[in-house]
Amino acid sequence: MAMQTSSASSGLWTLAWRRLCGDRIAMAALAVVAAFLALLALSAGGLVAAGWEREVGVNYAPPSFVAPAPAGPARVVAVAPAPAAGQNEFDPLAADLAALRASLGDSEQQALERRLSLPFGADKWGHDILLKTIKGGETSVIVGLAAALLAVGLGTLFGALSGYYGGLVDDAFNWFYSVFTAIPAILMILAVAAVLQQKGVLTIVLILGLTGWTGPYRLMRAEYLKHKAREYVLAADAIGASAWRKMFVHIFPNVSHVALVQLSILVVGFIKAEVILSFLGFGVPVGVVSWGSMLNEAQNELILGKWWQMTAAASAMALLVTAFSLFADGLRDALDPKIK
């Protein structure tokens with residue numbers, strides 16, 4: 001009897017957490033996602049990959065597992081010898097060159113010490129691909145998560161209002177939805193980008209979030225149309241619950257798995273869309289690295305047979321996307337009240 005009482009008193013989220021903990025695949029995926037987020041948080045704080053812009057390798061330095069690094073640093077930059085005694089009187093620029101060498105300090109010595117290989121190779125500028133991938137993940141994950149949260153939030157809000165109230169409210173939102181879906185997605189993205197007229201992470205988030213809410217809206221509207229006539233909603237109405245409480249306290253927990261699935265799908269899609277925006281010139285600005293900019297840059301490197309930047313960015317994106325999708329599927333199953 002005590003066990004039945006304890007089980008009956010458990011809330012929706014407690015039961016969902018218990019079911020989620022029993023799913024080993026979902027928990028393993030959660031560990032991978034958490035590791036990515038922790039690494040990206042350290043990168044944002046400057047504790048990891050802070051020096052990704054340093055030219056530490058030769059141009060297109062191969063990965064160490066392809067070409068093992070030599071014992072010492074490679075001398076790849078030739079430094080002009082110092083002028084011999086008596087040349088200064090014939091060289092009008094000798095004094096200026098001497099002052100320039102003094103101001104640069106040991107920068108020439110640092111340039112001499114570029115490595116012939118790196119753990120995951122280097123790009124055409126000599127940047128470490130491993131550090132560049134970590135730093136690029138920070139931008140791509142922020143874009144994917146923030147834009148997906150904005151799109152799902154708007155779609156859930158619009159779908160809840162449309163499905164619950166119906167009537168003129170439903171007609172107005174359906175007209176708004178029809179306008180957005182009638183325009184091809186790429187043209188809508190370009191139109192919003194042209195209105196904003198600036199580059200940056202916030203711009204990409206707004207572009208993707210304001211154009212990606214239609215899918216979640218359609219599904220959430222259907223769920224609210226179905227659930228607003230259920231017995232538990234009628235019981236909440238009988239005890240005097242407000243419309244907002246019925247929509248977001250009573251109905252939403254029972255349809256949250258739909259929003260989570262849409263969130264996982266849109267995160268994947270928006271990370272990929274950032275590649276397209278970067279290619280079209282609406283992506284991250286110069287000086288900011290992302291997985292999209294890395295893939296865009298790597299397409300020219302593949303012609304030269306330099307595959308490591310493409311492999312590093314694509315592998316990191318595939319691992320995170322797969323883990324996030326598996327975790328979202330497990331969370332959907334745990335939250336779905338129809339699954340026992």
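**Figure 1. A nonpolar surface patch formed by eight named side chains in the predicted model.** Trp175, Phe176, Val179, Ile183, Ile186, Leu187, Ile276 and Leu280 make up a nonpolar patch on the surface, and together they present about 720 Å² of accessible area. The model shown here and in the following views is predicted. Three helices, α7 (167-182), α8 (185-196) and α12 (243-280), each contribute at least two residues to the patch. The largest share, 3 residues, is supplied by α7.

**Figure 2. Overall helical organisation of the protein.** The secondary structure consists of 14 helices and 0 strands. Read from the N terminus, the order of elements is accordingly α-α-α-α-α-α-α-α-α-α-α-α-α-α. The protein has 340 residues, of which 39% are buried.

**Figure 3. Packing of helix α3 against helix α6.** Two packed helices are described by the angle between their axes and the distance between the axes. For helix α3 (residues 24-44) and helix α6 (residues 129-165), the angle is about 110° and the axes lie 9 Å apart. Because angles of 65 to 115 degrees count as roughly perpendicular, α3 and α6 are described as roughly perpendicular to each other. The crossing in which α3 passes α6 is left-handed.

**Figure 4. The salt bridge between Lys132 and Glu297.** Side chains of opposite charge can pair when their charged atoms come close. The structure holds 6 salt bridges, and one of them joins the side chains of Lys132 and Glu297, with an N to O distance of 3.3 Å. This pair connects distant parts of the chain, since Lys132 is in helix α6 and Glu297 is in helix α13 (residues 291-303), 165 residues apart. Lys132 counts as buried because its relative accessibility is 4%, and the limit for that class is under 20%.

**Figure 5. The salt bridge between Lys135 and Glu138 in helix α6.** Lys135 and Glu138 form a salt bridge in which the closest N and O atoms are 3.1 Å apart. The two residues are 3 residues apart in helix α6, and therefore about one helical turn separates them.

Figure 6. In the pair formed by Glu223 and Lys226, the closest N and O atoms of the salt bridge are 3.6 Å apart. Both residues lie in helix α10 (residues 214-227), where they are 3 residues apart, about one turn of the helix. Glu223 counts as buried, with a relative accessibility of 15%, while Lys226 counts as partly exposed, with a relative accessibility of 40%. Elsewhere, salt bridges with shared partners join Asp123, Lys132 and Glu297 into one network.

Figure 7. Thr211 is part of helix α9 (residues 201-211). Thr211 is buried because its relative accessible area is 17%, which is under the 20% limit. Along the sequence, Thr211 and Met188 are 23 residues apart, and in space their C-alpha atoms are 6.9 Å apart.

Figure 8. Most residues other than glycine have a negative phi. Ala49 is not a glycine, yet its phi is positive, at about 60°. Ala49 is located in the loop between α3 and α4 (94-104), and it is buried, with a relative accessible area of 7%. Tyr60, also not a glycine, has a positive phi of about 55°. Tyr60 likewise lies in the loop between α3 and α4.

Notes: Residues numbered from 1 in each chain as written. Predicted model: local features only at pLDDT ≥ 70, side-chain atom pairs only at ≥ 80, totals over all residues. Heavy atoms only, no water. Patch = residues over 30% accessible without salt bridge, like charges linked within 9 Å, V, L, I, M, F, W, Y side chains within 5 Å. Areas by Shrake-Rupley, 256 points an atom, 1.4 Å probe, with all protein chains shown as cover. Salt bridge = Lys/Arg side-chain N within 4 Å of Asp/Glu carboxyl O. Helix = DSSP H or I, 4+ residues; strand = E, 2+ residues; numbered from the N terminus. Axes fitted to C-alpha atoms, helices over the stretch in contact; angles between N-to-C directions. Parallel < 35°, antiparallel > 145°, perpendicular 65-115°, else oblique. Left-handed = near helix turned anticlockwise from the far one by under 90°. Buried < 20%, exposed > 50% of the residue type's maximum accessible area, 1.4 Å probe, protein only.
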